[in-house]
Structure formats: C-alpha cells, structure tokens
Amino acid sequence: MNNMNRFFKYISLAEYYDKDYNCKNYALRNLAQNQLYFNNPNNFNDPFDCRIRVDFAGTKEQWINLLCEKYECSPKQAEEKVNGFKKEDNGLVCPHNASSYLKVPIVCCFSSKCDNILMWSHYADSHRGICLGFEASGENDYYSMPLYESDTDESPFSGEFKQVIYDSSNDLCIVKMFDDQYKNANIVEDRIFTKLHAWEYECEYRMILPESHICEPRVLKYDKSCLKRVIFGLKIDKRDVIRVYNIINENYLKEGFEVEFFEARGKIGKYELKIEKIMDIENYIASLR
C-alpha cells in the first residue's frame, strides 16, 4: 500500500466543543463534502516547522531607497528615519525591534505510509481514527490531483504532492531583507519542504496552495474519484465506523465512485500493524463491539 502514486492522510474523529459549547466534527464534514483542510504552519505540532526569520539589516542607502519607493517618503524624510535605526557592529542598520518571522503558504500534509504506528498514535487519535488513501496522477516523482474552490468551479488547479526532506541541521532558516527576491523565494520553498530528521518516520508529503489561494476558506475540494480507500484504526469505535461508512456510502458509493474499506490490525507476535482489506463491510461492522 505504499505505491508511489498513493498518499495517505491520518485523521482524528474526536469531537470537540467550541466556545458556545456546540459539538464540532470537521473531519466528518470534510469527508462528506470531499474537502481537504489546509492549515497554517503556526498551528502545527512542531513549533519550528516552516519557521523563517527575516533579517532586516541593510545599508543606510538600501533603507533610504526602500522607504522612498515603498512608503513614498522624500529622501530627507527617509534619511531622518534611517538615522534613528539601530546600528549593527558590521555597519548595517535595521529598525528597532525588527525581529519577525515570514508568513508562509498554508499546507495540507500526507504520508506515503498507512501502517506507521506512531502516525496512527499522533494524528489519528491513538488509533481510534481513520486513514484516507488518495490516488494521484503523474509519474517520475511528480504526482498531483485536481483541487477546486467549490462544486461549481470549472477551473481546478493542480495540487502537487511534494516530498519532505529531512535534515540533521538544527539551524533555523533566515532570509535577508535586501537579498534577491528570487533567491529568497527559493529559500522559503525549500524550508516549507524541509523538517528536522527527528520527524523522518512520518514519510511526509506536502501540498501547498499557490499564492492566489492563500486566504480563507482553508478548505478545497478534491475530485471524489481520487479517494480510493478508507482504513479504520485498530481501536476505532463501532459508532464511528458506522458514521464513516454511511458518509462514504451516501456521498461516494451511491454516486458511482469506488472506495474500498480496510482495517488496521496488529501482527501476531510482532510490534507491527498490518492493513487488511475488508471483504464484507456489514459483517465487519457486526463483528465490532
């Protein structure tokens, strides 16, 4: 189940309550509406993920030119502002308290593995959730699937699955304010697809939105034909299996889309999971307590 064109998304089915004590379960809603949720990296469980610091240091002339061009200051006004900047030891200057982090595109995360014990534990509610299997089109390490803004959108864009690289360096990424913008753009993209080697077990692939889509809402629709399988976790509750099956049956199977069901089981005598196809979903549900 780790074919090169298959990508898996671990999902928790746990419910939570909003500030008005209304019960929410966006995972089931997204499944019913064939939606993917693109999250802001600031909300990831790794606080260093996609973290890019901006170095504002520049020469006095660079800052004067920038203030004149971008903020329509006169040369005299710009020079007065820059004279109040903090002076670095290397002779460069930067605004006081100018230590910020770059905004990056929102991201949807996948894995090339569906049988990873830690992934089930961390992202699928300790094996009580599900794992969705998507099939992408493409070849030669380029795989994608169409994404839509809405059901009536006739101009999908290609959501590319890009592999995450794992690095042993613990240096945070820095982009310089006055470096070439093309160079900085490459640095930013490289950082979005780079994580510390400690996360290597995730075998992660990422999909980011192009610049024109970096806004709310943070859900986009996938073509239903791309969802090929649903895997139930080792400890999933029978009620959740029934809810997921009903959603798939009503929104996919009855519309002619083929989605197969699988279950995660423990290998006898092994610290491993095996993913087995469910031949009869009704018998499987009946067997659960």
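Is E79 buried, partly exposed or exposed? E79 is partly exposed, with a relative accessible area of 37% (buried means under 20%, exposed over 50%, partly exposed in between, using a 1.4 Å probe and protein chains only).

1. A word on the model first. It is predicted, so local features need pLDDT of at least 70 and side-chain atom pairs count only at pLDDT 80 or more, while totals for chains, interfaces and linings use all residues. Residues are numbered from 1 along each chain as its sequence is written, and side-chain values use heavy atoms, leaving out hydrogens and water.

2. Now for E79's partner. K60 forms a salt bridge with E79, with the closest N and O atoms 3.7 Å apart (a salt bridge is a side-chain nitrogen of Lys or Arg within 4 Å of a carboxyl oxygen of Asp or Glu). This pair links distant parts of the chain, 19 residues apart: K60 lies in helix α2 (residues 60–70) and E79 in helix α3 (residues 75–83). Helices here are DSSP runs of H or I with at least four residues, strands are runs of E with at least two, and both are numbered from the N terminus. K60 is partly exposed too, at 31%.

3. The count comes to 19 salt bridges. Among them is E250 with K254, whose closest N and O atoms are 2.6 Å apart. K254 counts as exposed at 56%, whereas E250 is partly exposed at 44%.

4. On cysteines, the structure holds zero disulfides (a disulfide is a pair of cysteine sulfur atoms within 2.5 Å). For C68, the nearest cysteine sulfur is that of C73, 6.5 Å away. C114 is buried at 3%.
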